[in-house]
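Welcome! Here is a short briefing to read alongside the sequence and the model.

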Amino acid sequence: MKDYIVHPPEIVRHFFKRYTWKLVPENDDEKVLYLTFDDGPIPEMTPGTLDMLARYGAKATFFCVGDNVRKHPDLFERIKAEGHSVGNHTFNHLRGLRTKVSDYLDNVRLADPLINSDLFRPPHGRMKHRQTIALAQERRIILWDVLTKDYDARVSPERCWQNVTDYVSNGAIILFHDNIKAMQNQRYALERTLQRFTQDGFTFKAIPYKPFGGVAEHK
């Protein structure tokens, strides 16, 4: 039986059309995957993630928490300098369903001057309808095609890797985490993802983003 959190079914995607779940290339001959990382940057985790990506020449997208960017601006600048995309993940990693609409929107906008990206991913992948409507007017809301569940201590590193192999397909947006609790699982599954799919002829690309009022970056 499919894990509907790991690989959201088509009926869910149909009802949440304002979200981007996957980016299938227009050229049928192109083989591309989109690695994404939530919650950073933090010094205990982000440098190792960047080092691993660099070893494979892979680009990715980092959905950053504004307060972490404020604390670690050097790591944020390194992410961009190495050719990766960035996106807004709220200033304080707020749960949309537990937060007033106005407070949630204010928190997202608080992170804007630090992150300056039109990409947004809601923490835990959920928001109230009014939050979605407001944010979709000026941002691309990026969800996922494959969730590794690397953050879950009940899930083994091998299971995280199997989540990728069970559900990945061309154009998949794969969600890893850039936080301490995900470290063991993320390192294990990410290394194998990069190895396997590089050997299979896939390219790992960053999701293009636009600074507010600017032109697209990382095409």
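Setting aside neighbours within four places in sequence, L35 is in contact with L53, A60, T61, I174, F176, L190, T193, L194, F204 and K205. Please keep in mind that this is a predicted model.

**The nonpolar cores**

- The largest nonpolar core has 43 residues, and L35 and I174 are the ones that touch the most other members.
- At least two residues of this core come from each of β2, α2, β3, α4, α5, α7 (157–167), β8 (173–177) and α8 (183–199).
- Strand β2 gives the most to this core, with five residues.
- Another core lies apart from this one; it has 15 residues, and F120, A134, L135 and I141 are among them.

**The chain as a whole**

- The protein chain contains eight helices and nine strands.
- Its radius of gyration is 16 Å, close to the 17 Å that the globule rule gives for 219 residues, so the chain is as compact as a globular protein of that length.
- Along the principal axes, the C-alpha atoms of the protein chain fill a box of roughly 45 × 40 × 40 Å.
- Of the 219 residues in the protein chain, 53% are buried.
- Among contacts with a separation of 6 or more, 76% join residues 24 or more positions apart.
- The protein chain has an accessible surface of about 10500 Å², and carbon and sulfur atoms account for 50% of that surface.

- Which residues of α4 are buried? They are L75, F76 and I79.
- Seen down the axis of α4, these buried residues fall within an arc of 100°, so they line one face of the helix.
- An α-helix has 3.6 residues a turn, so residues three or four places apart point the same way.
- The buried residues of α4 pack against α2, β3 (60–64), α3, β4 (85–88) and α5 (101–115).
- On the face turned away from the buried side, α4 carries the exposed residues D74 and A81.
- After α4 comes G83, which has a positive phi, near 90°.

**Salt bridges**

- Side chains of opposite charge can pair when their charged atoms come close.
- How many salt bridges does the structure hold? There are 13 salt bridges in the structure.
- One of them joins D38 and R121, with the closest N and O atoms 2.8 Å apart.
- D38 lies in strand β2 (residues 32–38), while R121 lies in the loop between β5 (119–120) and α6 (129–136), so this pair ties together parts that are 83 residues apart in sequence.
- D38 is buried, with a relative accessible area of 4%, and R121 is buried too, at 0%.
- R78 and D51 also meet in a salt bridge, at 2.6 Å from N to O.
- Because R78 lies in helix α4 (residues 73–81) and D51 in helix α2 (residues 46–55), the pair ties together parts that are 27 residues apart in sequence.
- R78 is partly exposed, with a relative accessible area of 25%, and D51 is partly exposed at 37%.
- A network of salt bridges links D51, R78 and E82.
- The side chains of K71 and D67 meet in a salt bridge at 3.4 Å, N to O.
- Both K71 and D67 lie in helix α3 (residues 66–71), where they are four residues apart, about one turn of the helix.
- K71 is partly exposed, with a relative accessible area of 46%, whereas D67 is buried, with a relative accessible area of 15%.

**A loop residue to look at**

- Where does N116 lie? N116 lies in the loop between α5 and β5.
- The relative accessible area of N116 is 34%, which makes this residue partly exposed.
- N116 and G87 are 29 residues apart in sequence, and their C-alpha atoms are 7.8 Å apart in space.
- Not counting residues up to four places away in sequence, N116 touches A111, Y209, K210, P211 and F212.

How values were computed:
Residues are numbered from 1 along each chain as its sequence is written. This is a predicted model: local features need pLDDT of at least 70, side-chain atom pairs count only at pLDDT 80 or more; totals for chains, interfaces and linings use all residues. Side-chain values use heavy atoms; hydrogens and water are left out. A salt bridge is a side-chain nitrogen of Lys or Arg within 4 Å of a carboxyl oxygen of Asp or Glu. Buried means under 20% relative accessible area, exposed over 50%, partly exposed in between (1.4 Å probe, protein chains only). The arc is that of the directions from the helix axis to the C-beta atoms. Contact means heavy atoms within 4.5 Å. A nonpolar core is a set of buried Ala, Val, Leu, Ile, Met, Phe, Trp, Tyr and Cys residues joined through side-chain atoms within 4.5 Å. The radius of gyration is taken over C-alpha atoms; the globule rule is 2.2 Å times the number of residues to the power 0.38. Accessible areas come from the Shrake-Rupley method with a 1.4 Å probe; for residues, only the protein chains shown count as cover.
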